[in-house]
Amino acid sequence: MLGLPQTTEVKKIIPKRALYSKFELNTAEQKEFDAAIRQMTIVNEISLRTIPALQKQEQEKAVFVLAVQLKREGCAERLLQRLCRLIDQRLLLALCYEDKLQLALYFDNRILLNEFMPVAEQKVNLQGTSLNDIWENLALHVAQLTPHAGLTPASVIANAGRRAETEAQIAALTKKMFAEKQACKKLTLREAINKLKKELEDL
């Protein structure tokens, strides 16, 4: 399903009912999961056990690939975040709908997503000499970001998040400025936009 070199393929279905029971999800939460997700299966493991050549580091955790069969294309980010927090493992989510696949990953308290595309086109190359390296490079891959010299993957991702938020603020203020009729308020909005644009240049 997902091209992952040097990993051990496994097949362990995670029953939704067991998840609901273990984490005591209420009826509304169960219905939300049921409406979006058909089945969840662990299909790959990336660990020191499966790749013995990796360097051992402190506080490192294995990475599991969780295939999530969806009932429709797309899944709410809050639901994916909730799922990752419940399972509490490093998870690369392979969101499957019909013949398309989307990757998702919970990194630094945010959900990262790439685009839905045909399964055959969704390739992942493992990069790094340790599990931590692999995990951070997977995050960059899913976020579709390029590594920057002198910056950690976490910093690159954080900067991209701040850039997206700033661009959204600029768009909202620009729309508001064009709708504003009072010259004084229009000028104030223009100054706020220019300030945000300067912040954007520094990111």
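Colleague: Which residues does threonine 41 touch, not counting those up to four places away in sequence?
Modeller: Threonine 41 touches Lys11, Lys12, Ile13, Val65, Leu66 and Ala67, where contact means heavy atoms within 4.5 Å. This is a predicted model, in which local features need pLDDT of at least 70 and side-chain atom pairs count only at pLDDT 80 or more, while totals for chains, interfaces and linings use all residues. Residues are numbered from 1 along each chain as its sequence is written, and side-chain values use heavy atoms, with hydrogens and water left out.

Colleague: Why is threonine 41 called buried?
Modeller: Its relative accessible area is 7%, and buried means under 20%, with exposed over 50% and partly exposed in between (1.4 Å probe, protein chains only). Threonine 41 is therefore buried.

Colleague: How many aromatic pairs does the rule give?
Modeller: The count comes to two. Rings of Phe, Tyr and Trp (its six-membered ring) pair if their centres lie within 6.5 Å; planes under 30 degrees apart count as stacked, over 60 as edge-to-face and the rest as tilted.

Colleague: What makes the pair of tyrosine 20 and phenylalanine 33 tilted?
Modeller: The ring centres are 6.2 Å apart and the planes stand at 55°, so the pair is tilted. Tyrosine 20 is buried at 3%, and phenylalanine 33 is buried at 2%.

Colleague: How do you know that phenylalanine 107 and tryptophan 135 form an aromatic pair?
Modeller: Their rings are 6.4 Å centre to centre, with 45° between the planes, and the pair is tilted. Phenylalanine 107 and tryptophan 135 are both buried.
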